[in-house]
Amino acid sequence: MRHLLSAADLDRDRADSILNTAAQLATLQNRSVKKLPTLRGRTIANLFFEDSTRTRLSFEAAAKRLSADVITFTAKGSSVSKGESLKDTALTLEAMGAEVVVVRHGASGAAHRLAHSGWTQAGVINAGDGTHEHPTQALLDAYTIRDRLCAGAGNLDGLRVVIVGDVLHSRVARSNVILLGTLGAEVTLVAPPTLMPKGVESWPCQYTYDLDEALTGADAVMMLRVQAERMNAAYFPSAHEYSRSFGLTAARAQRLADHGIVLHPGPMNRGMEISADVADGPRSVVVDQVTNGVSVRMAVLYEVFGARAQVGAIGNAEVDNFIGGEPDAQG
Ligand code: NCD
C-alpha cells in the first residue's frame with residue numbers, strides 16, 4: 001500500500017491484515033521495552049496544519065516504537081495560502097529525506113494533492129483532511145470494536161454500529177461508514193437534519209433522525225464531537241436542545257444491547273454530545289481507542305514502508321525476540 005488516503009483504499013483483506021498486525025503489535029504495550037527495530041534509520045514527517053493532540057502524539061509514538069526518526073511540523077494559523085504552504089513544506093521535507101509523510105490539513109483533498117502532486121515521492125498517510133476522511137481513526141475504531149465485541153478476531157459481520165452527531169463536518173464518520181461497511185458491519189447515521197450531509201441516501205449505510213430508535217439493541221455507538229469551529233451558521237437552536245435530542249445520557253445508553261459499547265474519537269464535549277457519566281462509565285471504550293490507536297498506526301506505517309522497500313517481518317517471534325533485547329539507542 002503506497003499511500004493511505006481514504007478508507008476506500010482498504011479492501012477487506014488489507015484491512016484485516018492491518019488489524020491483525022496491530023493486534024500482534026499491541027502485545028508490546030504491556031512490556032517495559034516497547035520498541036521494535038523495524039524502521040531504524042528511516043524518516044517519517046508529521047505534518048500538522050490543523051490542531052491535534054491525540055492523533056499527532058499517536059503517530060509520533062507509533063513511529064518511535066518502530067525506531068523511525070520523526071520530524072514534526074505544526075503550522076497552525078499560517079497566512080500562506082493552503083496550496084502554497086503545503087507545496088513548500090512538501091519540498092522541504094523531500095529535501096530532508098522523509099520517506100513517509102503523515103498529513104493533517106484543514107482542506108479536504110490535501111492528502112490526495114500531496115500524494116499525487118509530484119512535489120514529493122514520499123508515501124502519504126491521511127491523518128484528517130478537512131471534513132473528508134480520517135482513515136486511521138476508522139481503523140482504530142474498527143480495531144476497538146473487534147477487540148471488545150469479537151474477541152479480537154474474525155469480522156464485524158452483522159454488528160450494528162450507530163454513528164451519532166455532527167456527521168456533516170465529520171471526517172471520522174465518513175471514513176467509518178466506508179471501513180465498517182467493508183468489514184461487514186451495519187452502520188446507521190443519526191443527526192439532526194441540519195447536520196446530515198446532502199446525498200447521504202447514496203452512502204453505504206442507513207440513516208435516521210431518531211436516536212432512541214437507532215440505539216435500541218445496537219452493539220456499538222460512536223458519538224461525534226459537535227465541531228463548532230467548522231460551523232459558519234447556527235445548525236441547532238442551543239446546546240441544551242442539541243443534547244436533549246442527540247446527546248448520549250446514561251438512560252439512553254441503556255437502550256444498547258447488554259454488551260453495547262460507547263466510542264468517541266475525542267476531544268469530547270462532555271455534557272453536549274455525551275454526558276460525563278457515560279464518558280467515564282463501564283460501556284465507554286474511549287481510553288482503549290487511544291491505546292489502540294498507537295498499535296494501529298504502527299501497523300499502517302509498517303504497511304506503507306513495506307510498499308517502498310523491504311522491511312523485516314513482524315510476527316510473534318519478532319516481537320518476542322526483541323522484547324528481550326536492548327532498548328533501542330535512539331531516544
Ligand atoms: C477527530 C478529528 O480530528 O477529526 N479527532 C481525532 O482525530 N482524534 C474528531 C474531532 O476532532 O472531533
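Author: Buried means under 20% relative accessible area, exposed over 50%, and partly exposed in between, with a 1.4 Å probe and protein chains only. This is a predicted model, in which local features need pLDDT of at least 70 and side-chain atom pairs count only at pLDDT 80 or more, whereas totals for chains, interfaces and linings use all residues. Residues are numbered from 1 along each chain as its sequence is written, and side-chain values use heavy atoms, with hydrogens and water left out.

Reader: Why is S6 called buried?

Author: The relative accessibility of S6 is 8%, and because the limit is under 20%, S6 counts as buried. S6 lies in the segment before α1 (12-26); helices (H or I, at least four residues) and strands (E, at least two) are DSSP runs, numbered from the N terminus.

Reader: Which residues does S6 touch, leaving out those up to four places away in sequence?

Author: They are E133, P135 and I178, where contact means heavy atoms within 4.5 Å.

Reader: Why is G130 called buried?

Author: G130 has a relative accessible area of 1%, which is under 20%, so the term applies. G130 is found in the loop between β4 (123-129) and α5 (135-149). Beyond four places in sequence, G130 touches H105, G106, A107, S108, R171 and R230.

Reader: Is S67 buried or exposed, and why?

Author: S67 is buried, because a relative accessible area of 0% is under 20%. S67 is placed in the loop between α2 (54-65) and β2 (69-74).

Reader: What is the phi of S67?

Author: Phi of S67 is near 65°, a positive value in a residue other than glycine. Most residues other than glycine have a negative phi, and most peptide bonds are trans. The peptide bond from G266 to P267 is cis, with omega near -5°, and P267 lies in the loop between β9 (261-263) and α10 (276-279).

Reader: What makes the protein as compact as a globular protein of that length?

Author: The protein has twelve helices and nine strands. Its radius of gyration is 20 Å, close to the 20 Å that the globule rule gives for 331 residues, so the protein is as compact as a globular protein of that length. The radius is taken over C-alpha atoms, and the rule is 2.2 Å times the number of residues to the power 0.38.
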